[in-house]
Amino acid sequence: MASISAPLPSQESPLASVARWLSAAACLLVIVASCAGIALGIFQLAYAHSVYPGVTAGGVDLSGLSRTEAIDLLSRSFAYTRTPAFTFRDRDKTWQATPGELGATFAVEATADRAFAYGRSGDLWADAQDQFWAWYEGADIAPIVQFDPARAASYFDRIAAEVNTPTREASLTVNGTQVSVTPGAYGRTVNVPATVANFLEPLRVLGTADLPLVVAPSGTVLRNPNEQAIAHALDMVRASANDKLYDVAIVGSGPGGLSTAVYAGSEGLSVIVLDQSAFGGQAGASARIENYLGFPTGISGQALAGRAFVQAQKFGSEIMIPVTIKLLDCTRKDGAFVLETDGGMQIRARAVVIASGARYRRLSIDNLGEFEGRGVWYWASPIEARLCANEEVILVGGGNSAGQAAVFLSGHASKVRVMVRGDGLAATMSRYLIERIEQAPNIEIMAHTEVIALAGEGHLEHVRWKNRKTGAETEGAIRNLFLFIGADPATGWLKDCGVELDRSGFVVTGKECSGGNAESPLQSCTPGVFAVGDVRAGSVKRVGGAIGEGAQVVAALHGFLGDAAKPAA
């Protein structure tokens, strides 16, 4: 009799089992991400015309309110400007002053606009995070208070006129603190605690030239300070840097400089980063960078630079902003380079990385400076986008930054005129950006065109442009002009050091040096001085290129510092 045996069940291999579970996990991840995306979209749609949940202004909850409702609530909540807060007594006389009488006015509409703008920067990922944290733990917006010194002066003049014995001491109570003053000698205080005196003194003697007024955390009052004075008051620029010897000093905090700081700091080098304005460089002004690795939906230049800024500090890098470098001393008398600042500081380092990038180029128009910050912009952030909502704007430039700005502004302005001196954009802009521009119905490319004149009273109002081929001139009512016409290398501070520059002012490195003896492609013709990013001759003028060079130069720094530490043979 024939026997029939049942087949044994097949055994799944461990590799196939792992693959099956990974596939299931990936599917689950896709489902979760899709659900999260849908939920986020519904959430943003629900609050498209109202303040996001958790957003407050000076402690006043504005969640879910429209702009009109927020303004009404803030107007009622901040009646403190009309409530007596200061009491002045002189024996039988008493004066009570409200913050409003002393010149303080709460800017209701500006504060409401700031609250409404929270979580709406245009950066999808950053906005989602802001919205989540506002909902989870709250986000308080600082109220905007304006100050009129003339009103304060008028109030104190009235008190002075009513006090008949100006040399007699009077009792003055400020926020519950009793102090002693001489009422008739306004501008001088006697036996007054420092913090109170610093607050009262500006109210008595402020003039227009003293504004803006800045009160530092220490209580010090700064009158119309420059950026350097504010930085010192906030301890952003530390005098203790004079006493240290750093392994590396990096001049510039754009993508190249911050990348160098991150990688050098993470490998144990002592690092200081110096910049004269703000971190991020030109990339920091880009509204959206869409072709940087790892960000498929794009990221704003400021968001990318901000993360690198925090990351560099995480690895111990010291960052001082704003600091302007006057010169680099390459004599190395004690084995260190010396960077001299415009404030008189001397920063010593065993090696220097030049990452100072380039400065924005300006149009050759005599009155251009009158409108910078008043209608002429060198960047396109959400703030500028709101200023030109539903208006026609002009953008000059044909590079990638110009393309990114044009696409961003097209979502706010009624029309964006992109003016270039050449035949078009193909030779200077990435193809993906050109396609985005071609798909935008309100962007017009104007080839062979240049801006020739600006006009306005206190703010840009009219722009005149010319067709370089036909000579035809046209004038339009334009209130916002964006300039993205490139930049010149910021290398003037190197002229006394002997660092070799090319004819355009960029730093020559590697085998391009006249001596041909640079050991690294990123080392300048002066040993120990390196260059990365846009400031380097022959570099790829892209954010990714600058970041790559910042990572690459650290190996060369280790090599130089190691050789410098070896005893002479």
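**Exercises on a predicted model**

F132, W133, W135 and Y136 make a nonpolar surface patch of about 510 Å². The model is predicted: local features need pLDDT of at least 70, side-chain atom pairs count only at pLDDT 80 or more, and totals for chains, interfaces and linings use all residues. Residues are numbered from 1 along each chain as its sequence is written, and side-chain values use heavy atoms, with hydrogens and water left out.

**Exercise 1.** Determine whether Y136 is buried or exposed.

*Solution.* Step 1: locate Y136 in helix α4 (residues 124-137). Step 2: apply the classes, in which buried means under 20% relative accessible area, exposed over 50%, and partly exposed in between (1.4 Å probe, protein chains only). Step 3: Y136 has a relative accessible area of 55%, so Y136 is exposed.

**Exercise 2.** Check the span of helix α8 (residues 255-266).

*Solution.* Step 1: the expected span is 1.5 Å times one less than the number of residues. Step 2: for the 12 residues of α8 this gives 16 Å, in agreement with end C-alpha atoms 16 Å apart. Step 3: consider its cover; nine of the 12 residues are buried, including G256, L258 and V262.

**Exercise 3.** Describe the disulfide of C330 and C497.

*Solution.* Step 1: a disulfide is a pair of cysteine sulfur atoms within 2.5 Å, and the sulfur atoms of C330 and C497 are 1.5 Å apart. Step 2: the angle about the S-S bond is -70°, a left-handed link. Step 3: C330 lies in the loop between β15 (325-329) and β16 (337-341) and C497 in that between β27 (487-489) and β28 (529-531), so the pair ties together parts 167 residues apart in sequence.

Terms used
Patch = residues over 30% accessible without salt bridge, like charges linked within 9 Å, V, L, I, M, F, W, Y side chains within 5 Å. Areas by Shrake-Rupley, 256 points an atom, 1.4 Å probe, with all protein chains shown as cover. Salt bridge = Lys/Arg side-chain N within 4 Å of Asp/Glu carboxyl O. Helix = DSSP H or I, 4+ residues; strand = E, 2+ residues; numbered from the N terminus.
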